[in-house]
Amino acid sequence: MSLPPDRELGLGRLETYTVAADSCVDPDPIAGDPDFKQRIYDEKYLIIPVSDYEDCDDGLQDFADSLPLLNRLLISVMITDFVDGQQVLRYPGAIVRNTCTGECTVLIPIVKYCHRDQSEPPPFPNNNPPPGGFVPSTIHTAGEMIVKWVAPVEEIRVDHDGNGVTAPESPFKLCYDTDPTLPSFEPGMVALRINYPQQATTMINRIALVDDVDNPNRKLGSSIVIVGDTVMAPGVDLGVCYQIEEPSERRSPASHQPGSNPNAGTYGLGELEALTRIVRPYRKVMSFQAIYRREVFGE
């Protein structure tokens, strides 16, 4: 696809584009061009209502063949879920709304897990949820905080000029306002990364007890991460370009009945019913990346 040499690709960039202080409209992103969205990638297809492909002749396969190239490749790693009361095929992660387009899509929170001081009350109820009442627990629990948001598909960006004040750049353009000083920064490259959050359906997320503050008796063991969506601080602001959507009720992906879902919750971090309470599933965010030289340029 022939693209101009002096325009930013802008794929997966979550920072506010500064046309105005409260605007997320980029004046010239290639990723926002209708032709790019139709041929290469459109974030709106990270959530696909099942009703969109039910009537296709070959079902999902027929529908997938009509999608942009990158969306077509991501179909095989999407999951079934319920959004706004309807069954959908979607990419794992947090369901958000793009405030510029009004469409729902997916972003991925990067989470830091940490022990809490056992002398203080937990930041979320460490008791079994209703129905059944609340039973005090002595289970050692851990907290969590979102430290970063990433897009499922994004450019690889680096500090190309050694100036921490300027925004990181991708090597997509052939020329830059500030000359690159990083030796490995080679302009005119397509450098993309795919992020995928994998959450186990049966394994519980734990962090080890290692230091004196969290483990004064030096006993071997671990802290169980308890779900705390209603009180967990996001940690990093999404800005004005995206906003968190209220999640649908927890449903089993197998039975579609209310219950545990390893991809449920406000932030898409998952919920499992175990040990008489709601706990986080084991989670890892995997990143896959590739870099290719641009070979075709347009006006």
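In this predicted model, strand β8, residues 189-204, pairs with β7 in the antiparallel sense, and the pairing runs over three bridges. Within it, Glu154 stands opposite Arg193 of β8.

This pair belongs to an open sheet of three strands, ordered β7-β8-β14, with antiparallel pairing. The edges are taken by β7, residues 153-155, and β14, residues 281-293; each has a single partner strand, so one side of each is left without a neighbour in the sheet. On average, neighbouring strands of the sheet are turned by 30 degrees against each other, with direction ignored.

The next topic is the nonpolar interior. In soluble globular proteins, nonpolar side chains tend to be buried together. The largest nonpolar core here has 31 residues, and those touching the most other members are Leu11, Phe36, Tyr41, Ile48, Ile75 and Tyr91. Several elements each supply at least two residues of this core: the helices α2 (60-64) and α3 (69-74), and the strands β1 (47-49), β3 (86-90) and β5 (104-115). The largest share, three residues, comes from β5.

Which residues is Ile48 in contact with, leaving aside its neighbours within four places in sequence? They are Tyr53, Phe63, Leu67, Ile75, Met78, Val88 and Leu89. One of these, Ile75, is itself listed with Ile48 among the residues that touch the most other core members.

Notes
Residues are numbered from 1 along each chain as its sequence is written. This is a predicted model: local features need pLDDT of at least 70, side-chain atom pairs count only at pLDDT 80 or more; totals for chains, interfaces and linings use all residues. Side-chain values use heavy atoms; hydrogens and water are left out. A nonpolar core is a set of buried Ala, Val, Leu, Ile, Met, Phe, Trp, Tyr and Cys residues joined through side-chain atoms within 4.5 Å. Buried means under 20% relative accessible area, exposed over 50%, partly exposed in between (1.4 Å probe, protein chains only). Helices (H or I, at least four residues) and strands (E, at least two) are DSSP runs, numbered from the N terminus. Contact means heavy atoms within 4.5 Å. Two strands pair if DSSP finds at least two bridges between them. Axes are lines fitted to C-alpha atoms, for helices over the stretch in contact, and angles run from 0 to 180 degrees between N-to-C directions.
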